[in-house]
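Please read these points with the structure open beside you.

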Amino acid sequence: MIIDYIPIILVIIVAAAFAGIVVLSSVIFGPKRPNKIKVMPYESGKDPIGTTHERISIKYYLVAILFIIFDIEVIYVYPWAVQFKSLFNDFGIFAFLPMFIFLIVLELGFLYILMKGGLKWD
Amino acid sequence: MINLIYLTVLLPLIGFLFNGLFGSKIKNEKIIGIIGSSTVGISFLIVVGAFIQTLSLPVEQRSNTVEIFTWLNVAGLNIKFAYLVDQLSLTMGLIVTGVGFLIHIYSIGYMHGDKGYWRFFSYLNLFIFAMMNLILGDNFLVLFLGWEGVGLCSYLLIGFWYDRNFEKGTTSQAAKKAFVVNRIGDFGFLLGMFLIYFTFDSLNFKEVFAKATTFPVTETTFSLIALFLFIGATGKSAQIPLFVWLPDAMAGPTPVSALIHAATMVTAGVYMVSRASILFASAPSIMIVVAVIGLLTALMAASIGLVQNDIKKVLAYSTVSQLGYMFLAAGVGAFSASIFHVMTHAFFKALLFLGAGSVIHGMHEEQNIQNYGGLKKYMPKTYITFFIATLAITGVPGLSGFFSKDEILWNAYANGSFVFWLIGVLTAMMTAFYMFRLLSLTFYGNERFDHHHVHPHESPAVMTVPLMILAFLSVVGGFVGMPKVFVGEHGNLFENWLEPIYKPAQLKLAHFGMHSHFEEILLMAISVVLALSAIYFALKVYTQKPEIAESVSSKFKGLYNLLLNKYFVDEIYEASVVQPIQKGSEKLLWKFADVKIIDGAVNGVALLIDKLAEQIKKIQTGFVQYYALVMIAGIAVVLFFLLFSL
Amino acid sequence: MPANNYEYFLLLPHIVLSVGIVLSILIEIFTRKGKEVLPWFSSLLFLFVGFYSIINIDKNFFIFGGMVEVGGRASIFNFIFNIAALLTVLASTDYIKKYGINYSEYYILIQSSVLGMMVMAMAHDILVIFMGLELMSICFYILAGLNRKRSSNNEASLKYFLLGSFATGFIVYGIALVYGTTGSTSIQNIFENFMQYFNNILFIVGMLLLLIGFSFKIAAVPFHMWVPDVYQGSATSVTGLMSTAGKAAAFSVLLILLGTSLSYSSPIVFRNYFSVIAVLSTLVGSIIAIAQTNLKRMLAYSSIAHAGYMAIGLAAGNNYSFAGITFYLAAYVFMNIGAFTIISLIEGKDETRLTLNSYAGLNKKSPFLAAMMSLFMFALAGIPPMAGFFGKYYVFFGAIKSDLTWLAIVGVLSSLISVYFYLRVVVYVYFMNENEQFEIEKSVGSNLAISLTGLLVLLFGIFPDSLMNLIVNFIK
C-alpha cells in the first residue's frame, strides 16, 4: 500500500530540497548591501503611506457577502437552464417547481437584506 | 368498579396534593375539610362498589388484578404497579376507607381552629393513599411502598404539634422514636423481601405463593423468610420487642391515634402476615414464635394498662394488647379470625379513641383520668357511645368484640394449647378490668376537676355523629362472624368469604383436633363469666370503694411501680441499645472512623484531584491557534496509531 | 426523479418548519412586530413539529431512494430537538430582553438550527448529513455572537467559527476520501461493502476524519478546546441550546453511522478510538470541572464529561447501548436546559453573577430555584431517581454487555469525581450564607421551563422504562 506512494514522496522531497537549496544558496552566496530604499515594502513603485494593517470599510465586506447569494444562484440556475428542455420533457412541472422554490427562498434572503437597510450606502 | 379501584388510591393523593399545595392559601376550614373527607368518602363508595361486584362473582373469580403500569423492568426483575382486588384486600379496604372517612369527618370538628388545619388534612389524605397502596398492592414491593408511606405519615402526624411538649421530651422525639423503631422492623421486612426474591425469583404475590407450594424449598428457608417478615410486622404492629413506640405515638392529635395507631396502620403487620399466610404456614416453628410473641404482648400490655392514668395511654396499651390477640390468632393458623378481629377492633377502638378525643376536647386538653369523674351528665352522647365500645372490647356477649375474641380464644385452645387459652382469658379479664376502671374514673363517681377552670361540654354533632355510627358498627359488626357452634359449619359468613385466600395455608396446616361443641360452649361461658366478674370488681372498686385500689397499690408497691413504669422497658432499651449505639457512633464511628479515616482519605484524594485540576486547567490558554494545534495533534496521534495498527 | 406525493407528506414536520422559517422572516421584515409575535409563533411551531413527529413514530420509512429516514429513530430525535428549542425559547424571552438583544433573528436562527438538526437526524447519506450539519453550525456561530456589543460574545463566536470551520474541513476531507474510495455517499452502500473497503487505508482514514469531525461537534477530548470558551462566552440561553440539542444532533449522526455498521455486522473497527475518546473525555471533563468557579464554565466541562459517558456507549457498539445513548441524550437535554435556565435567571444584567459565590444562600432568596437547581445537579451527577442516573445506567450496562467492563468502571469512577463539583453547587445553595443581595427576576416563561424540565427529569427517572421501551423498539 504505502510502497505505491514512495515515488510521490520522493518527488516531494526532491522538489523541496531543490527549492530550498536554491533559496538558501542565494542567501548564503549573494552580496548584501542594504539601503533605505531597498528595505522599503514594495508598493508598486510608490512610497508606502501608513501601516500595512489598513482598515477597510465594512461596506466592501457587505457587498462581497451579498455577491455570494447571486454567485450561488448562478451555480445552480445555469446548469438547470441549460438542461431545462429535456428536464421538462421528462418531469413536466416538477422540473420547474423545485427551482421556483429555491429562487423564492433565495430572493427572501435578498429581500431581508433590502428591508433591513443592508444596501443603504451611508 | 373493580377496574376503578385505582381511583381509591388516586383520589386521596389528589386531596393530599390539593390541600398540601393550596391549603395554606385557602384559609377556609370548610373547603379544606370537605375536600379532605370527600376524597376518602368517594374512595369508600368505590370500594363498596368493588365489594358488591366481587360478591356477585363466583368464588373462583373473586381475585382480580388491576394493572396500572410497569414500574421497573431491570435485568429480569419485572415489577408491575398493579393492584390485587380480592377478598382480603377488599375487607381491609372497606375498613380503611370506611373508618377513615368517619375519622376525617370527626377531625373537621376536632381540629377546628388549629393553625395547621390544612396540613393535618393533607397528611391524613396522604396516609389513606399510602395505606391503600399497602393493602391493594399485588406484590411485595408495592406493599413495601405503602408500608414506608404509612410510616412516614405516622411520623409526620405524631409530630404534628411539633411545638408542644410531650411527657419528658417533645412530640418530635416521640415521632422520631416511632420512625426509628419502625425502621428496625422494616430492616427485617426488607431482608425477608430479598430472601423471597432470591428464593422464588419474583415478588408478585400470586407467583410467590404458587411457587411456595410447589418449589422444593427447605423449611429453614421458609423459617428465615417468615421470621424476617414477622420482624417487620412486630415493628409496624407494635409487638414485643418493638412495641415501645406506640404508647409514645399518642403525642399526635387524637383522630390520628384513632385512625393510624388503632384502626388501620398498626394492623398492617397482621394484614401482611395474613397475606403471606402460606409462607408462615410452611414454617411451623415461626408460627409458634408468632403465637407466643402475640400472647406475651397481649398479656404484658394489658397488665401495664391496669395502672396507667393517661386516658390515651390506657387505650394505647389496650391497642398493643389487642394486636397481640391478632398475632395469637395468626400464630395458631386462624388467619381469618385475626382479620375478623382487625375489623371489629377497628370499630370499637376507633370509637374509644374518638370518644376519648371528645372527652379531652370537652375537658380543655386534660388527659389524666384521675382529674375526670362524673362526666356522664355533661356529655351524654360521648358517654353512651364510649360505654358501648367498652362493652364491645371487654367481650360482653352479643357485641362485636365478643365474637372475634371468642373465635381467637377458641382457636388458641383448639389449634394451640390450653395454656394459650388460659393466658388469653387472663388477658381478657385484665382488659375488662382496666376498661371499666377507665370508664368509671371518667364518667362515674365524684367530679374531681376544678370547676372554676374547666367547664365540661358535649362535642358538636360533626364529632358525635361519627361516634354513633361507629357505636352501631361495634354492636352489629360481629354478626358476620358468628361462631360455628351456633350457626353451623357454613354459617360464619366472614370466614367463608376469606376462606379461598387461606386455602393453601390451611391445607398445609391441616388441623386434626376434634373438639366437641360442649367443650367450646363451656370455654366460652367460662371466659364470659370471668370477664363479667372483672367488670363487676372494677365497677365496685372505682365507683364505690376507691380506697381498695389505693390499699392494693400500696401493698404491692413493687409490682405497682413495675407496671406504672411499663416494666422499665424504655429504660432498659435506653441503657442497653440506645446509649451504646449513640456513644459508639459518636466516639468510635464519628470522631475516629469517619473523621480520621474516611474523611482523611476522601479529603486527601479530593485535595490531590483539586491540585491536579488546577494544573490541567492551565492547558486552556484562550488562544485559538493553540486550540487548533491541540486538535491537529489529536488527529495526528489517532492517524499514527491507525497506520500502525492496520 | 421526483418523489411521489406520499414521500413529501412524510416530510411534513420538515416542510412545516421550513415554511415557518420563511413566514418568520416575512413577519419580521414586513410587520416589524417579530419581537412580540415570534416567541409565540416559534413555540407553537416547535410544539407542533415535536408532537407531530412523535405521534407518527410508527411511520418508519426510508424515502428519496434511501437518502433519508422518517419516523422511528428520527422521530425521537425530532422530538428531543423541538422540545429543547421550545424550552429554550420559553426560558429566554425575558433573558434576551434583559440583555437588550431582543432581535427576532434570534428566533429565526433557532428555528433554522433546529431544521438543520432534524436533517442530520434523518439523513442516511453523507452529503445530507453535511447539509444539516452546516445549517445547524452556521446558525450556532451567529447565535454565539448574538450580543455583539459584548466582546466576550464576539470572542466566543469567532473562536467557535474558526475551530468549527476547521473541523468541518476535516469532515469534508473525510467525505471526499470516503466517496473517492467507495464511489457512493449512501451510508447503506458504504457499510454493505465494508469488508471490501476495509483494507483500503484511504477509506479508513476518510471514515476516521469523519468521526473526528463529529467528535469535535460532540465536544470530546482532545477536540474539546473550543467548548469552555464558547460556552462561557455565549449568551446563556444559547449555550443551553448548543450544549444540548447541538450535541444530540451530532450524536444522532454518530448513531446512524455506527448503527448502520452494526446492522451489516461489520467489525467494530472504531471501538479503540471511541474507548480512548471516552476515557479522556470523562476524566478530563470531570477533573477540570472541579477547578472551575464559574458555573457556565463548570457546566461546559461537565458537558465534555457527559460526551465521554455517551462515547462509552459508542465504544460498546450494541443496540442496547445505542438506545441508552438516546435515552441519555433526552435526559441530558432536559437537565441541562433546566440548569442553564436557572443560571440565566441568576446571572443578572452584566453577567457578573456567574460564580459559585452568587449561589450562596440561594435557598433564602428563592426556595423554588434552590430546589430545582439541586434537582438538576443531582440529575447531572447521576443520582437516582433522576433521569440522569438511568442514562448512565443504560450506557454502562451496554458497555458491560460488550465485555467493556473496564470502560464502565472508568465511567463510574469519573462520575464519582463529578459528584464533587455538582454537589458543591448544592452546598452553596443550601448551606452557605448569602454574601450579596440581589433581586431575581423571574418570569412565567422561565418558571414554566424550569418546572417542565424538572418534572420530565423526575418522570423519566421514576419511569425510565416508558421512554426506554419506546427507544429500544425503534433503534434497530
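1. Helices (H or I, at least four residues) and strands (E, at least two) are DSSP runs, numbered from the N terminus.

2. A word on the source. This is a predicted model, in which local features need pLDDT of at least 70 and side-chain atom pairs count only at pLDDT 80 or more, while totals for chains, interfaces and linings use all residues. Residues are numbered from 1 along each chain as its sequence is written, and chains are lettered from A and ligands numbered from 1 in the order in which they are written.

3. Is α14(B) buried or exposed? Of its 21 residues, 21 are buried, so α14(B) is largely enclosed by the rest of the structure. A residue is buried if 20 or more other C-beta atoms lie within 10 Å of its own, exposed if 12 or fewer, and partly exposed in between, with C-beta atoms placed from the backbone. After α14(B) comes G333(B), with a positive phi near 90 degrees. In chain B as a whole, buried residues make up 51% of the 646, and the secondary structure comes to 26 helices and four strands.

4. Because 15 of the 17 residues are buried, α10(C) is largely enclosed by the rest of the structure.

5. A219(C) follows α10(C) and sits in the loop between α10 and α11 of chain C. Its phi is near 65 degrees, a positive value in a residue other than glycine. A219(C) is buried, with 29 other C-beta atoms within 10 Å. F64(C) also has a positive phi, near 55 degrees, but F64(C) is partly exposed, with 17 other C-beta atoms within 10 Å. F64(C) lies in the loop between β1 (61-63) and β2 (68-70) of chain C.

6. Two cis peptide bonds deserve a look. One joins I240(B) and P241(B), with omega about 5 degrees; P241(B) is in the loop between α8 (219-236) and α9 (245-248) of chain B. Another runs from V221(C) to P222(C), with omega near 5 degrees, and P222(C) is in the loop between α10 and α11 (226-233) of chain C.

7. Where do chains B and C meet? Here 23 residues of chain B are in contact (C-beta atoms, placed from the backbone, within 7 Å) with 24 residues of chain C. On the chain B side, α26(B) gives the most, with ten residues. Between chains C and A, five residues of chain C are in contact with eight residues of chain A. Helix α2 (residues 12-31) of chain C supplies the largest share of the chain C side, three residues.

8. Last, confidence. The model scores ipTM 0.84 and pTM 0.67. Chain C averages a pLDDT (the predictor's confidence in each residue, from 0 to 100) of 89.

How values were computed:
Two residues are in contact if their C-beta atoms, placed from the backbone, lie within 7 Å.
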